[in-house]
Amino acid sequence: TIARPHATRAAVYRITLRGDADPGTALARDAHQEVRNLEGNTFELHVHPARPGRPASQAKAPPAPAEFLSPCHYIDRDERVRELARKAVGSEKDPWQKARRIERWVKQSMRPDNAAPLTPASGVARTLRGDCRLYALLTAALCRAEGIPARTAVGLIYVEKNRRPWMGFHLWTEVYVDGRWLGLDATLGLGKVGAAHVKIADHSWHDTESLTPLLPAARILGKIAIEVVSTQAER
């Protein structure tokens, strides 16, 4: 078990993935986490979510590709989305603080509904109901409406059921600020993500009207075993 999972700054997990020809590629490798010590179908996953701050290099960070700002089928943009984005952000100008305000607004305004169908963000903006997928899509759409590049991350999140630890399917949002992709999770509303978020993949949802961005999760579900090796709490 992890005592305070969402206040965990870093964690090391021992992952075993059965029946996969290349298990080291089944989870994301980026600023959020890295794979180490791969032996057969077992490896260590070191999770340390990126935090805000300007890069040490004096060179200006490259802009995010246009697909992370442009509307698409599921992360769309109509007047309702623009209205909610303006309402959430208020007078804030800093991109990271704007994104955190949006995350908090979605957390406070949405109602959990696991029976809600997957629908574009403009539909979510009207019902304000849904599961983690719809929270993440709406957060991404509101961020893009405010000029903040955004995408979704699919993965696993630590939960406890009947006092037993589990990793459950989850979707959250990442925004591009000062050259870094930073995680936000409107289902929690904490202004960040911790090391209890294990990332499988990310996607802009550009040029797709299908559930393709969620499919990487199918590669591991039912075949993965996760052991907590160590954790580091937020300071």
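Buried means under 20% relative accessible area, exposed over 50%, and partly exposed in between. The exercises below use this predicted model.

**Exercise 1.** Is R151 buried or exposed?

*Solution.* Take the relative accessibility of R151: 8%. The cut-off for buried is under 20%. R151 therefore counts as buried.

**Exercise 2.** Which residue forms a salt bridge with R151, and which parts of the chain does the pair tie together?

*Solution.* The partner is D202, with the closest N and O atoms 3.4 Å apart. Now place both residues. D202 sits in strand 9 (residues 197–203), R151 in strand 6 (residues 150–161), so the pair links parts 51 residues apart in sequence. Finally, look for shared partners. Salt bridges join D30, R151, E174, K199 and D202 into one network.

**Exercise 3.** Where do D78 and R126 lie, and how many residues apart in sequence are the parts they tie together?

*Solution.* Start with the contact. D78 and R126 form a salt bridge, their closest N and O atoms 2.8 Å apart. D78 is in the loop between strand 3 (42–47) and helix 1 (79–89), while R126 is in helix 3 (residues 121–127), so the bridge ties together parts 48 residues apart. R126 has 51% relative accessibility and counts as exposed.

**Exercise 4.** Classify both partners of the R86 salt bridge with E79.

*Solution.* The N-to-O distance is 2.9 Å. R86 has 45% relative accessibility, hence partly exposed. E79 has 46%, also partly exposed.

**Exercise 5.** How many salt bridges does a search of the whole structure find?

*Solution.* The search finds 18.

How values were computed: Residues are numbered from 1 along each chain as its sequence is written. This is a predicted model: local features need pLDDT of at least 70, side-chain atom pairs count only at pLDDT 80 or more; totals for chains, interfaces and linings use all residues. Side-chain values use heavy atoms; hydrogens and water are left out. A salt bridge is a side-chain nitrogen of Lys or Arg within 4 Å of a carboxyl oxygen of Asp or Glu. Helices (H or I, at least four residues) and strands (E, at least two) are DSSP runs, numbered from the N terminus. Buried means under 20% relative accessible area, exposed over 50%, partly exposed in between (1.4 Å probe, protein chains only).
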